[in-house]
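The following note on the model is arranged as numbered points. Please read it beside the sequence and the coordinates.

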Amino acid sequence: MSTSLALASGSAAATRELAAALATVCVPGDVLLLSGDLGAGKTTFAQGFGRALGIDDPVTSPTFTLVRQYEVAPGPTGLRTLLHADVYRLDHLGEIADLGLGQLVEDGGVALVEWGDAAEPVLGSGALSLLLETDPDDEGRRRITVTGAGESWDDRWSALASALGPWTVAP
Ligand SMILES: Nc1ncnc2c1ncn2[C@@H]1O[C@H](COP(=O)(O)OP(=O)(O)OP(=O)(O)O)[C@@H](O)[C@H]1O
Ligand SMILES: [Mg+2]
């Protein structure tokens, strides 16, 4: 079974919509690693994801705070908190580990980590990785590659693939 999906987004609104669709498949304990260049759309993704969880506060860039925490409205996902982190400024894996995201998600949380690819050695086992890439010919387009690691994502892969079906393109 494939554990990688290629998506196409034609606008910031589409990236928010696909993030919202993905949120419906997430469960407490999930860690999503968001990577891609400056302005690729990582925070935009987090905004759509947060909206789907009923978070009213605007989800803004956590660049200077490192981790922002939002309360999730009670719902079918069982999620209680959304953690939104940006590890761009952290140079050492130890500093990322010190954020304690692994423990925080264990208590009913889901974590979205911008620049998360760098964090893979400390957060990566069982994470879902999303790589957002711009298109040099169209400033509104993004290609988003979603890769699942671990049994938990294997088990949910068909649910994930169907939730993201409207945005799926050939790899
Ligand atoms: N298809 C798209 N998906 C996401 N964002 C898009 C898209 N098309 C245009 N944009 C615009 O690109 C910008 C993405 O900014 P955003 O802050 O989400 O990026 P980021 O990856 O979080 O950047 P940083 O690395 O600085 O944190 C926004 O201004 C958004 O409106
Ligand atoms: Mg950002």
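Which residues does Leu33 touch, not counting residues up to four places away in sequence? Point 4 gives the answer.

1. Basis of the note. The model is predicted: local features need pLDDT of at least 70, side-chain atom pairs count only at pLDDT 80 or more, and totals for chains, interfaces and linings use all residues. Residues are numbered from 1 along each chain as its sequence is written, while chains are lettered from A and ligands numbered from 1 in the order in which they are written.

2. Overall fold. Six helices and eight strands make up the secondary structure of the chain; helices (H or I, at least four residues) and strands (E, at least two) are DSSP runs, numbered from the N terminus. Read from the N terminus, the order is β-α-β-α-β-β-α-α-β-α-β-β-α-β. The radius of gyration is 15 Å, close to the 16 Å that the globule rule gives for 171 residues, so the chain is as compact as a globular protein of that length. The radius is taken over C-alpha atoms, and the rule is 2.2 Å times the number of residues to the power 0.38. Along the principal axes, the C-alpha atoms fill a box of roughly 40 × 35 × 30 Å.

3. Of the 171 residues in the chain, 39% are buried. A residue is buried if 20 or more other C-beta atoms lie within 10 Å of its own, exposed if 12 or fewer, and partly exposed in between, with C-beta atoms placed from the backbone. Two residues are in contact if their C-beta atoms, placed in that way, lie within 7 Å. Among contacts with a separation of 6 or more, 71% join residues 24 or more positions apart.

4. Nonpolar core. The largest nonpolar core has 43 residues, of which Val31, Leu32, Leu33, Phe49, Leu101, Ala111 and Val113 touch the most other members. H1 gives the largest share of this core, five residues. Such a core is a set of buried Ala, Val, Leu, Ile, Met, Phe, Trp, Tyr and Cys residues joined through C-beta atoms within 7 Å. Not counting residues up to four places away in sequence, Leu33 touches Val113, Gly116, Asp117, Ala119, Glu120, Leu123, Gly124, Ala127, Ser129 and Leu130.

5. Helix H1. With 12 residues, H1 reaches 17 Å from its first C-alpha to its last, close to the 16 Å expected; the expected span is 1.5 Å times one less than the number of residues. Its buried residues are Ala14, Thr15, Arg16, Leu18, Ala19, Leu22 and Ala23, and they pack against strand E1 (4-9), H2, E7 and helix H6 (151-163).

6. Helix H2. Nine of the 11 residues of H2 are buried, so this helix is largely enclosed by the rest of the structure. Gly54, whose phi is positive, near 80 degrees, follows H2.

7. Ligand shell. Of the 18 residues around ligand 1, Thr15, Gly41, Lys42, Thr43 and Thr44 come nearest; a residue is near if its C-beta atom, placed from the backbone, lies within 6 Å of the molecule. Helix H1 (12-23), helix H2 (42-52) and strand E7 (138-148) each supply at least two residues of this shell. The shell divides into four nonpolar, 10 polar and four charged residues. Here Ala, Val, Leu, Ile, Met, Phe, Trp, Tyr, Cys and Pro count as nonpolar, Asp, Glu, Lys and Arg as charged, and the others, Gly among them, as polar.

8. Ser35 and Ser129. Ser35 is found in strand E2 and is buried, with 20 other C-beta atoms within 10 Å. Leaving aside neighbours within four places in sequence, Ser35 is in contact with Trp115, Gly116, Asp117, Ser129 and Leu131. Ser129 belongs to strand E6 (residues 128-135) and counts as buried, with 21 C-beta neighbours inside 10 Å. The C-alpha atoms of Ser129 and Thr147, 18 residues apart along the chain, are separated by 5.1 Å.

9. Backbone point to check. Trp115, although not a glycine, has a positive phi of about 60 degrees. Trp115 is found in the loop between strand E5 (109-114) and helix H5 (120-123) and counts as buried because it has 20 C-beta neighbours inside 10 Å.
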